[in-house]
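This report describes the fold and packing of a single protein chain. Please read the headings below alongside the sequence and coordinates.

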Amino acid sequence: MGGRRARRSEDLFSELDAYAHWFVAPDPSLGHFLTLTLFAECSSTGRIARDTTSVFLRGSVPEDVMYDARLVVSELVGNVVNHVVPDRCRAHAGGARRIDVIFKLYPKWLFIGVADEDSTPPLLPMGDFYSPELVSEFSEAVLADSGRGLMLAQRMAAAVWWTPKQGGKTVWCRFDLDGEAGLVPS
């Protein structure tokens, strides 16, 4: 099992060399930072984003936070892959759509941002609109066509919001760690 995990890590690192760019803060006492750039057209984008989340957070946050963060990253990156159309000035025929995944780990918080090249605001779900009786009898009829990934992110993270950026937007999530992050100097 250990050899298989080591091979997976080596495979991930070789893929990251090919598809991603890293930025790590030089002073870990201020927090750990990582920015990962991926492209929506790569068939492994979702898996690389999930695996990078695990590698970056392993040993630094409680396991349940790591698994929640991994799922949220997967949903947010999946939203970019499936729904985002870059603004006209950024779109090129046959061009790759850029996705930046930003991790900011502090002793009390983990912030994760997923940036894309579409300035259209995300449709953040506002809550449940249906009575429990209706949902139990006709669950497939009241299931929204979109927004399930963002709703999942809202339920798992302490907060979800978005910020505009030049030529796109970033969807952010905050996980509260209550001082449990074990930031260790590198």
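## Pairing of strands E3 and E5

Strand E3 and strand E5 (residues 168–176) pair in the antiparallel sense over 8 bridges. Here, two strands pair if DSSP finds at least two bridges between them, and helices (H or I, at least four residues) and strands (E, at least two) are DSSP runs, numbered from the N terminus. Of the 8 residues of E3 (residues 109–116), 7 are buried, so the strand is largely enclosed by the rest of the structure. Buried means under 20% relative accessible area, exposed over 50%, and partly exposed in between, with a 1.4 Å probe and protein chains only.

## Basis of the model

The model is predicted: local features need pLDDT of at least 70, side-chain atom pairs count only at pLDDT 80 or more, and totals for chains, interfaces and linings use all residues. Residues are numbered from 1 along each chain as its sequence is written, and side-chain values use heavy atoms, with hydrogens and water left out.

## Overall composition

The chain contains 6 helices and 5 strands, which follow the pattern α-β-α-α-β-β-α-α-α-β-β along the sequence. Of its 186 residues, 39% are buried. Among contacts with a separation of 6 or more, 65% are between residues 24 or more positions apart; contact means heavy atoms within 4.5 Å.

## The five-stranded sheet

The 5 strands form an open sheet in the order E1-E2-E3-E5-E4, with antiparallel pairing. Strand E1 (32–39) and strand E4 (159–165) are the edge strands, each pairing on one side only. From one strand to the next, the twist averages 15°. In general, strands of a sheet pair through backbone hydrogen bonds, either parallel or antiparallel.

E1 and E2 run antiparallel and are joined by 8 bridges, with Phe33 opposite Lys104 in E2. Although E1 is an edge strand, 6 of its 8 residues are buried, so E1 is largely enclosed by the rest of the structure. Strand E2 (residues 98–105) is in turn joined to E3 by 6 bridges, again antiparallel. A hairpin of 3 residues connects E2 to E3, and Ile102 stands opposite Gly113 in E3.

## Arg98 in strand E2

Arg98 lies in strand E2. With 40% relative accessibility, Arg98 counts as partly exposed. Leaving aside residues up to four places away in sequence, Arg98 touches Thr37, Leu38, Phe39, Ala115, Asp116 and Glu117. Arg98 and Thr37 are 61 residues apart in sequence, and their C-alpha atoms are 6.9 Å apart in space.

## Packing of helices H2 and H3

Helix H2 (residues 45–57) and helix H3 (residues 63–83) pack at an angle of about 150°, with their axes 9 Å apart. That makes H2 roughly antiparallel to H3. Axes are lines fitted to C-alpha atoms, for helices over the stretch in contact, and angles run from 0 to 180 degrees between N-to-C directions. Angles under 35 degrees count as roughly parallel, over 145 as roughly antiparallel, 65 to 115 as roughly perpendicular and the rest as oblique. The contact involves Thr45, Gly46, Ala49, Arg50, Asp51, Thr53, Ser54 and Leu57 of H2 with Met66, Ala69, Arg70, Val73, Ser74, Val77 and Val81 of H3. These residues divide into 7 nonpolar, 5 polar and 3 charged. Ala, Val, Leu, Ile, Met, Phe, Trp, Tyr, Cys and Pro count as nonpolar, Asp, Glu, Lys and Arg as charged, and the others, Gly among them, as polar.

H2 also lies across E1, E2 and E3, running at about 170° to E1. Thr53 of H2 is buried, with a relative accessible area of 0%. Apart from residues up to four places away in sequence, Thr53 touches Ala69, Arg70, Val73 and Phe103.

## Packing of helices H3 and H6

The axes of H3 and helix H6 (residues 148–156) come within 9 Å and cross at roughly 155°. That makes H3 roughly antiparallel to H6. Asp68, Leu71, Val72, Glu75, Leu76 and Asn79 of H3 meet Gly149, Leu150, Leu152, Ala153 and Met156 of H6. The residues of this contact comprise 7 nonpolar, 2 polar and 2 charged.
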